[in-house]
Amino acid sequence: MTARVLIVAGSDSGGGAGIQADIKAVTMLGGHAMTAITAITAQNTLGVQGVHPVPTDMVLAQIDSVASDIGVDAIKIGMIGGAETATAVAERLSRPDLAQAALVFDPVMIASSGSVLADAATIAAFKALLDRAMVATPNLPELEALGGEEAVLAHGCSLLVKGGHAEGETVTDRLLETGEGEVARWEAPRIDTPHSHGTGCTLASAIATGLAQGMPLEPAIARARDFVRLSLHGAPGLGAGHGPMGQQYVRNDGLFTGPALNQITVPATDYAVSIAFYKQLGLTQIVDSPDNGYARFEAANGVTLSIHAGDGAAGGATTYLESGALDAWVAYLARRGVRFDQMPKDEEWGWREARLTDPAGNRLCLYQAAEYRRYPPWRIS
């Protein structure tokens, strides 16, 4: 059944954040997005020029409408509009018809441009939403405004501390649980781009989609982080300020349990001639390593094809099947008698790979690469 995600948030007229970013994330990850719009904003990449809150009764009417007919598996709350709406929404989401839906609360207070989107009374009313949430996803300034880690955890929800506002070349996100402290962390190189409008909205909605699809919280966060990073890489560069990300370009990138046929490496005899041939077909070259006789190309849907000029094992064709849960997939196959030439192993180029051969002797690689398949550090700009 299609995962049903209710988004309670404000509308961004520029399409970079808010409801618009939420819908893109849920849709690209295979869910069905429904909305209860809390505010209409006049907004672009340079800032927020105006905010018009939607009356609380109308916000609740939107929630009632979709809940009574379509049903809700998970809820994402972003910009809430005002203290009255925050309190009323928290009460509505605690009623029996929605009480079992996983709630991801992104306590939006300040836009990427610096515009204030929640006053002191609204922030105080966030306590009721924290009591109802499964996980809260504040950035560092928002976490400080909420009173810090212990203050949030006291509400009984999980806490994803996002490190995007911290200094340094590495971004660290931490998952904390009440009574346990830190239970998981993720570290990744910072992506240097001004086009990051909507990162928080996209992350929270992607997590909500995973939860709606039955994923446990930790893998739902891991997949959501990959989705956000790929969206940042694919940002179209629109506007003169904090531009929107490219959620629409995240395709076939291991954001599923698999398997998916997403990469094949074929032998080549003449490196330059082969490159010219595949470019002529319309593929985009994304890796050029003549010293290794290796080049990779990308198709319009994100699938990749590589050539390898060489002999022996290095020069033969290899088919790559991708998964976002490689180790679990390989363990499942191994328990059922599939023999592997190499169990899952981290490779120096950033992929995690397992290798085997089919009954006819053809080489297969089962792998997990996330952003490094299409966006390796050495990708051609």
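Predicted model: local features only at pLDDT ≥ 70, side-chain atom pairs only at ≥ 80, totals over all residues.
## Salt bridges overall

Let's start with the charged side chains. The structure holds 20 salt bridges. Some of these contacts join up: Asp253, Glu298, Glu322, Arg373, Arg374 and Arg379 are linked in a network of salt bridges.

Glu371 pairs up with Arg229 in a salt bridge, and their closest N and O atoms sit 2.4 Å apart. Glu371 belongs to helix H12 (residues 371–374) and Arg229 to helix H8 (residues 217–233), so this bridge ties together parts that are 142 residues apart in sequence.

Are these two side chains buried or exposed? Glu371 has 8% relative accessibility, so it counts as buried. Arg229 comes in at 9%, so Arg229 counts as buried too. The cut-off for that label is under 20% relative accessible area.

Next up is Asp327, which forms a salt bridge with Arg352, with 2.9 Å between the closest N and O atoms. This one also links distant parts of the chain: Asp327 is in helix H11 (residues 326–335), Arg352 is in strand E16 (residues 352–357), and the two are 25 residues apart. Asp327 has 38% relative accessibility and counts as partly exposed, while Arg352 is partly exposed with a relative accessible area of 22%.

Then there's Glu353, whose side chain meets that of Arg355 in a salt bridge, at 2.9 Å from N to O.

## How H7 packs on H8

As for handedness, the crossing of H7 and H8 is right-handed.

Which residues make the contact? On the H7 side they are Thr199, Thr202, Leu203, Ala206, Ile207, Thr209, Gly210 and Leu211. From H8 come Leu217, Ala220, Ile221, Arg223, Ala224, Arg225, Phe227, Val228 and Leu232. By type, the residues of this contact split into 11 nonpolar, four polar and two charged.

Notes:
Residues numbered from 1 in each chain as written. Heavy atoms only, no water. Salt bridge = Lys/Arg side-chain N within 4 Å of Asp/Glu carboxyl O. Helix = DSSP H or I, 4+ residues; strand = E, 2+ residues; numbered from the N terminus. Buried < 20%, exposed > 50% of the residue type's maximum accessible area, 1.4 Å probe, protein only. Left-handed = near helix turned anticlockwise from the far one by under 90°. Contact = heavy atoms within 4.5 Å. Nonpolar A, V, L, I, M, F, W, Y, C, P; charged D, E, K, R; others polar.
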